[in-house]
Amino acid sequence: MTPGAAYDPQAALACATALQRPEGVLGWSSAQWSLQLRLARRTRLLGRLAHALHAQGLVDRLPALPRRHLLSELRASHWRTTALRWGLDRVGRVLADAAYPRVLLKGAAYQGQGLPIAGGRLPSDIDILVPRAALGDALGRLGAAGWTEPDLDEHDRRYYHEWSHEVPPLRHPSVRMELDLHHNIQPPLSRHPVDAGLLLARLQPSLWPGWQVLHPLDQILHCASHLFHDGDLHDRLRDLVDLDGMLRCFVVPQADWPALLDRARQLGLAESLALGLLLCARWLATPVPPPVLDQACAAGLPAWRRACLLPLLRAVLLPGDPDEGDAWTRRVAGQLLLARYQWQRLPLRLLLPHLWRKLGQRSADGPA
Amino acid sequence: MTAPPPSLAEVELRDVRRALASSGLLLDVGAARLHVRGDSQALARQLGAVYRCFPWQPGGGEAADVHVVLHQARGLRRWWRPQVVLRIDGAYPFEPFPADSPLPLLEWGCNWLIGRRLNDLLLLHAGAVERDGAALLLPAMPGSGKSTLTAALSLRGWRLLSDEFGAVDPTTGLVQPLLKPVALKNASIEVIRGLSREAVIGPAFPKTRKGTVAHLAPDARAVAARGIGARPVAVVLPRWERGSPTRWEPVSPSQAFSALAFNAFNYNLLGEVGFRTALRLARRCTAWRLVYSDLDDALAQLDRVWPGLVAGAVHGPQA
């Protein structure tokens, strides 16, 4: 970027492109590197980039500034992925003789399958899933092994245990990461509830004994629904890059698009899939055939809703100019997407009292 | 040959303020480059006072490891108990500070970023000074007076490398300077002021989380040599004890290893590299615990023993 040139939010996509074609970075100027390092840190893609360049032996051919920061992030990633593996090993021992399936989710699942998108990640917690009927047993075993729930008031406990798809994050004194124990991939009372039985019926083995993963198509749908049903979508480009990586890995080789569309319909996640496919095709050049995009939109994303959502997502998912604060348009877009998240997560009769309570807590805590 | 750039102290305050408000200033602190911008009224003056010997390098964002912006808080906070906030690549990870205290926020924020981002180096939590080409490390223990002793040494002929980061390059084993103003707390401020008339200490900030804080400006010699690392030869664990005579207690390599590694910012993160680097340090350095109450006496004893130590002739003050 030349000084004074307007910032283009699409600039952050250069890093995602470099994951596909690493040698392209050899042509980056020092100004481009400076910008890309800052953007990649924000989108949590710096470790992924470092891993991709390191694997191609390109890091030593780069200028000193990127070389140092890529090496630094590579070490951070190695440390965190090792911590995740170790933490899972501990949890695995606790649940070793349980009679129900134990399922890796998200980063743990990618790592546990050795997927390309696992390289250079910076996992911050451990996500696993067990059947809802087994939650009590799993919690009992984990509790006996020293995992503790945070101190929550009655309302927050109820929020987690009755209205959420996971229990409160568990901590262990000798494990660096929090453990998120799920029984579903969507909140049970949300507007797009998912029948966990359908997920459990198609589990696959992982590389790690005792641990299974969701069916590849379900992993794709979980990634999309997790992204588009979250309250904070700022700079979440990495989730789209994950989606792109899994589509290229699981669907593109066999052109298995009809099965993916079917599964999305079956799980009630057609809207998330349509949004994911649209943005991946547009930003990351994921090879999604145009008729598939049309079918995905026809199944879950009417034109009016697409027209509302895409500009908001574009404003929030891609980072703004790192030299400036957020534009008001981006802040408003973030608020609107947060409102959508709340609206989808709980029915109104529960949502209104919940928000009222949170508002009261916030004013009691004083301004942040 | 072009003339070297002027130092910040030689530039008009107005120009510093203008640069901060537009393309920013580059502060090359040795092993890191900081790019600072901001519209905070007090920033130019405070920064100019404690980075006075650093070269004037306006712009330069492309070369920086860390980019920070300090600006006035907006909205109500512009008028009512005004505040200054720190923006890092578009985000605000920290609570605001009072508007008249941008420097402590800058220092705290930059140290936090350095501690997280420079994992190419083993970052010990230690003061570091150099003399006769060799480095002395002063690992931090809570209340140890690491900053006081580091500052005092820097005013008695030792070259300041850092008061916060013992930055060891795992490939060369050298301690690289991360030369920033020394943060002095409470009573230390007057102790250091009394030690040398050459001490340049910036404004005092009362009521921070650590009490009153003021910063000792690194001198011209330390700034000129901030690109030059030094071979570590000794580790001193300081402990100030009221009324105690100066006392040197030998510390075993394994104790030195614990003091270095387990206080470090990124020892765990570096994994095997961190272990090997800390091990090499603990094996090659002589280590003592220094208990003292009379700073002058402690400094004099350290001065006496240092040449022999650098030459490898002695292994401690009592040897």
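Biologist: Which residues are exposed on the other side of H15(A)?

Modeller: In this predicted model, in which local features need pLDDT of at least 70, side-chain atom pairs count only at pLDDT 80 or more, and totals for chains, interfaces and linings use all residues, Trp328(A), Gln335(A) and Ala339(A) are exposed on that side of H15(A). Residues are numbered from 1 along each chain as its sequence is written, while chains are lettered from A and ligands numbered from 1 in the order in which they are written.

Biologist: How do you know that the buried residues of H15(A) lie on the same side?

Modeller: The buried residues of H15(A) are Arg330(A), Ala333(A), Leu337(A) and Arg345(A). They cover an arc of only 105° around the axis, which puts them on the same side of H15(A); the arc is that of the directions from the helix axis to the C-beta atoms. These buried residues pack against helix H14 (303–317) of chain A.

Biologist: What is the reach of H15(A) from its first C-alpha to its last, and what span is expected?

Modeller: Helix H15, residues 328–345 of chain A, has 18 residues and reaches 26 Å, close to the 26 Å expected at 1.5 Å a residue, where the expected span is 1.5 Å times one less than the number of residues. Helices (H or I, at least four residues) and strands (E, at least two) are DSSP runs, numbered from the N terminus.

Biologist: What makes Leu153(B) count as buried?

Modeller: Leu153(B), which has its place in helix H4 (residues 146–154) of chain B, has 24 C-beta neighbours inside 10 Å and therefore counts as buried. Leaving aside neighbours within four places in sequence, Leu153(B) is in contact with Val129(B), Trp158(B) and Leu299(B), contact requiring C-beta atoms, placed from the backbone, within 7 Å.

Biologist: How many residues of chain B are in contact with chain A?

Modeller: On the chain B side there are 15 residues, in contact with 22 residues of chain A. Helix H8 (residues 267–270) gives the most to that side of chain B, with 3 residues.

Biologist: Which domains does the assignment give for chain B?

Modeller: The assignment, which is automatic or from a database, gives domain 1 (8–117) and domain 2 (122–310) of chain B. Their C-alpha centres lie 25 Å apart, and the contact takes 18 residues from domain 1 and 26 residues from domain 2. On the side of domain 1 that touches domain 2, H3(B) gives the most, with 6 residues.

Key:
Two residues are in contact if their C-beta atoms, placed from the backbone, lie within 7 Å. A residue is buried if 20 or more other C-beta atoms lie within 10 Å of its own, exposed if 12 or fewer, and partly exposed in between; C-beta atoms are placed from the backbone.
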